[in-house]
Amino acid sequence: METVSSSHKRERFLLTVLLLVLGMALTLSDGLKRWDLTLYDLFSTVYYQKPSDDVLIIAIDELSLREYGRWPWSRRIHAQLINKLTRGGAGAIGYDVIFSEANRNDPEDDRILAAALARSGRVILPVFHEKMVGGGSLQLTLPLPELTRAAAGLGHVDAQLDPDGIVRRTLLESTGGGKQYPALVLAMLQLSVQKTAISGQATGGGDRETVEKIRQRYGDNPVYVSFTGPPGHFPAISFSDYMQADYPAEAVAGKLVLVGVTALGLGDSLPTPVSGKSIPMPGIEYNANLLSGLLNNTLIVPAAMQWRLTLVAVLALLPMLLYSLLTPRQSLFVVVLLFFLTLSAALFFLHKFHLWFPPTALLIVLALSYPLWIWRRLEETIVQLFTEKERAQVILHSIGDGVIATDSIGRVDYMNPVAASLTGYSLSEARGRRLEEIFPAINENKDQKLADIVVRCLRDKGSVTLQENGVLVNRKNREHVVRTSAGLLHTASGKTQGVVLGITDITETHKMMQQMAYQATHDMLTGLPNRTLLYDHLAEIIKQTDAVAAVFFIDLDQFKKVNDQIGHYGADKLLKRVGRRLQTHCGEDDLLAHLGSDKYVIVVDRIGDTDAAARFADGLLAELEPPFSVQGQDVYISCTIGICMYPGDGGDVDELLKNADTAMYRAKECGRNLYRFFSRSMNDRIHERLDIEQRLRTALAAEELEIYYQPQVRAIDGRLVGAESLLRWKNSEFGPVSPAKFIPVAEDCGLILPMGEWALRTVCRQIRSWQSMGLDPVRVAVNLSSKQFLYGNIYDIVSKTLHETALDPSFLELEITESLIMDDLAQSTRLIGELKELGIRVSIDDFGTGYSSLSYLKHFPVDQLKIDQSFIRDITDNASDEAITLAIITMAHGLGLGVIAEGVEHRDQLTILQRQNCDEIQGYFFSRPLSVEQMTSYLLQGPCKK
C-alpha cells in the first residue's frame, strides 16, 4: 500500500515538473505568439476607450478631394490650413503629410509653406523609415531641409508590424540617421508643454508631469495602441469643411490637431485589430488613437517576462495539488473555472490596468493538466458513466413530456411512462412495433401523420420540430393535442442508430387558447360574434369574385327608456333574448353580430335582390313584435334597420358598415320600427349636414347669428304685450340659412348649448337696452331645446344671465315644447319649478301635438299654453280644429293659465280666436319676425291695433 502511494506521489511529482517545464518553454518561445495576438485582438474589441476631448483630426477625405482636386495639392493650400489652425489657437499641430521632395515647377510653393510653418511655431512634421526600391536596409525619409528648419519639430510615424501582418504596437522613441526621434504624437505633446510653459496658461496638451509620467511608464519598449473604435470612429473635421470661410477657426482652440489623409487609396493605411471587414485604418487615425492613449494613460504595456513565468509556475502547480483532493467531476470543474479565470484576468488587466498578459501558454498547461492527471481515474469514470445512465433513466421517467426512442427503421425501443400514458401502450407492448402503430397522431389539417417526423429526421440528418399541433386518439379512445419534435441518436463512432421523439401534451393549453380566441371574437354578454369576427366575415365575402350580400344594421328603439325601466341587469337579459330571436330568423350561413349596447348587424350572404332583403327585414321586425318577459314585466321593444347591399353600396368592410349605419339613422329620422335601404343621396345629405356643422362652428365667432323678434299682441285689442325671439343665421358665403336646416344639426352636434346660451344673453341685453331707451316694458320669449333643458345647467345659466344683465325676471319667458316635458316628466317638473323660483315666465310650446295626458297638466308650474299653428291653419274650414282650440282655451282658463295662438295669418282666424276668448295672438297677420332695428322702430310707434 505504501509502495502504491509512493508510486502515485512520484508520478504526480514528475507530471508537475513536466507541466512546469512545458509551460515555461512555451512562454519563452514565440510559437504561440499568433494565438496570443488573436486573443489580444478579441479582448481589445470588447471595450473601446473613450477618445480624448483634446485630440482632433483634420481629415483630407473624399469631400476635400472633390473640393480641392487631385492629390497631391499645392503646398499653398497646406499653408492656408496651418495659418487658420494657428489663428484658431491649436495647442500643437501634427501634420502627417510627407513633404520630402521640392516643387520644381513652383519653388515659391515651398517657401510659402515654410513661412507658414515658421509663423505658426506649432507644427510637427513626420519622419519615417522606408525600404528603398531594390531592397536593402530601411532608409530614414525627412522633410525638405527648408521645411525642417521652419517646423517646430520632427516626429516619427513608424509602426511595428506583427507576424500576422497587423499593426498593434509602436515605439515612442525611434533612431534614424544617428538621431533619436520621438513619435509624432509625443513630439506634439512635448511642444504643447513648452508652449504652456512660455505662455503660462493651461492648454489641452497636458503639462510637464504628464510627459515625465509617459516616459517613466512606457520607457523605450513598444506599446500597444488602445483604440477608441473601428476605422472612421475617431472625431474628425473634414479639411474642406474647416477651410470654409464661415467655419470658426476657434473650433481647434487648445486642441492637439492631427492633419492627414483619410481618403481611400491615398496615404498610409494600416491593418489593425479593429479593422473589421478588412477595412484598414488611415495612419492619421492610428496616430490619433496613439495620442489619445498617451493623454488618457490607456496605452497597453506587455507584462514583464519574469511575471509571466511566475504565473505559469503557479498555475502549473495549483491544479496538480487540487486534483488529488477532488473527484474527477470536481477536477473538471476546477479546470474549466481556471480557464475562465485566466481569460477573465487577462481581459481585466488589459482594460483595467492596461497591461497585456498573453494567456495561451497558461491555457495549454491547464488543458494538459487534467488528462495527464485523470487517466488513472478512468476506471472510476466508467463506473460513473453507468451511474449517469441510471440517473438519465430516472430523469426520463420523471419529466412531464413523453419520450419515445426508435431504431433506424422506426421500431420502438423505449418509451417513458408519460409516453405510455399518452399512447395507451406499456413499454413491453410497444417495444418492437412500428411508431405509427402506437402513435397514430395526425396534424390538425388531417393530411399528415406525425410519425412521419422520424422519416424526416433520418432524411435530414438533424433535429426536426413540427410547428403545428397534432391530434392523438390513443388505443383507449382518449384525445390529446400534442406537439412533437425529434432528434437523432448516434453511436460512439457517429453512426445514426435511431431517433428520439419528444411529445408535449398541450391539451389544456389548446383548450385555453381556443377559449381566448372565442373571447376575442365574440361578445361577452350575448355570446354573439363581435366586431372583429364581423369584419373578418365581411372581408371573406368581399374576396369572392361573384359575391352578393346584404348588411342589416339594427338599432333597438328607445332602449334607454327600457334600460331605465328594468335596470341594467334586466336590460342585459333583454339584449340576450333579442339576440336569440334575431338568430332564429337567420340562416345557417348568415352572421349575426352584436356591436355593443343596442346595436346588432346581420350579414346575409347570397341574398337575391332588394326585394328579398326587404322580406328579410320585415321578418326581423316581426320577430320583435311579441313582448319579452323580463323580471316579471312584459317589455315591448322594436328596432330600426338600415340595409346596405354588396357590391352596389360599398366596396370594402368599412364602407359597407358606414353606409348601413347611415341608412339606419335615416330610418330613425323617419320614425321607428321600420327599415330603409342605403342610397347615395343619404351620403349627400350627410355631407351637407357636416358642411353646415363646420360652418356653424365659426358662425358664433364670426357674428353671423342674430336674433329676430315676432310681436305678440292681445287678442281683444291688438295691443303689444310681448315678442318671441327667433334665431337666424346669415352665412357670409351662402346668405340666410333656414332654421329648419341648421337647428337640427346644432342639436345633433351639441352646438345648441353655446348657441342657446348666446341667444338667451343677447335677448336679455336687448330687453335692457330697450328699457334704457325709455320704451314700454315688453316681455320676450326664448325657446329652449331638449339638450338645454334636460342636459344643460339651464338654471345656472338663466340665473347668471339675469344677474349679469340686471334684467327684471318678469320680462323673460322660456318656451318648452310639450314633447320635451314628457320625455322625463319628473325631471321636467323639478326644473320648471326651479326656473319659476327665479321669477320668470314659463310657457308650453306646440301644445296639443305631444303624447301627454291632460291630467298631468295641473302638475306643471307653467304660466301659459301656446296652441300649435297646425290647429290654427285650418280653423276656419275644419270644425275639428275649431273644437280643439276651444277645448284647449277652456281647459287652460280653468287651470288659471293664459293661452296664445301662433300662426294667425287671416282676419277670420283672429275672429274665431277672439270669440273663443284666446288671450294673445302671434302671426303674420300682425307682423313677420323683425330684426333688432325693425323691432326697435315697432316699439317706438307705441301701442298699435290691427
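Mentor: Begin with burial in helix H2: Asp-36, Leu-37, Leu-39, Tyr-40, Asp-41, Phe-43 and Ser-44 are its buried residues. This is a predicted model, in which local features need pLDDT of at least 70, side-chain atom pairs count only at pLDDT 80 or more, and totals for chains, interfaces and linings use all residues. Residues are numbered from 1 along each chain as its sequence is written, and side-chain values use heavy atoms, leaving out hydrogens and water.

Trainee: What makes a residue of H2 such as Leu-37 buried?

Mentor: Buried means under 20% relative accessible area, with exposed over 50% and partly exposed in between (1.4 Å probe, protein chains only). Leu-37 is listed among the buried residues of H2.

Trainee: How do you know that the span of H2 agrees with its 12 residues?

Mentor: The expected span is 1.5 Å times one less than the number of residues. For H2 that should be 16 Å, and the end C-alpha atoms are 16 Å apart, so the two agree.

Trainee: Why is H20 called roughly perpendicular to H23?

Mentor: The axes of helix H20 (residues 531–543) and helix H23 (residues 653–670) cross at roughly 115 degrees and come within 9 Å. Axes are lines fitted to C-alpha atoms, for helices over the stretch in contact, and angles run from 0 to 180 degrees between N-to-C directions. Roughly perpendicular covers 65 to 115 degrees, while under 35 is roughly parallel, over 145 roughly antiparallel and the rest oblique; therefore H20 counts as roughly perpendicular to H23.

Trainee: Which residues of H20 meet H23?

Mentor: In H20 they are Leu-534, Tyr-535, Leu-538, Ala-539 and Ile-542, where contact means heavy atoms within 4.5 Å.

Note on methods: Helices (H or I, at least four residues) and strands (E, at least two) are DSSP runs, numbered from the N terminus.
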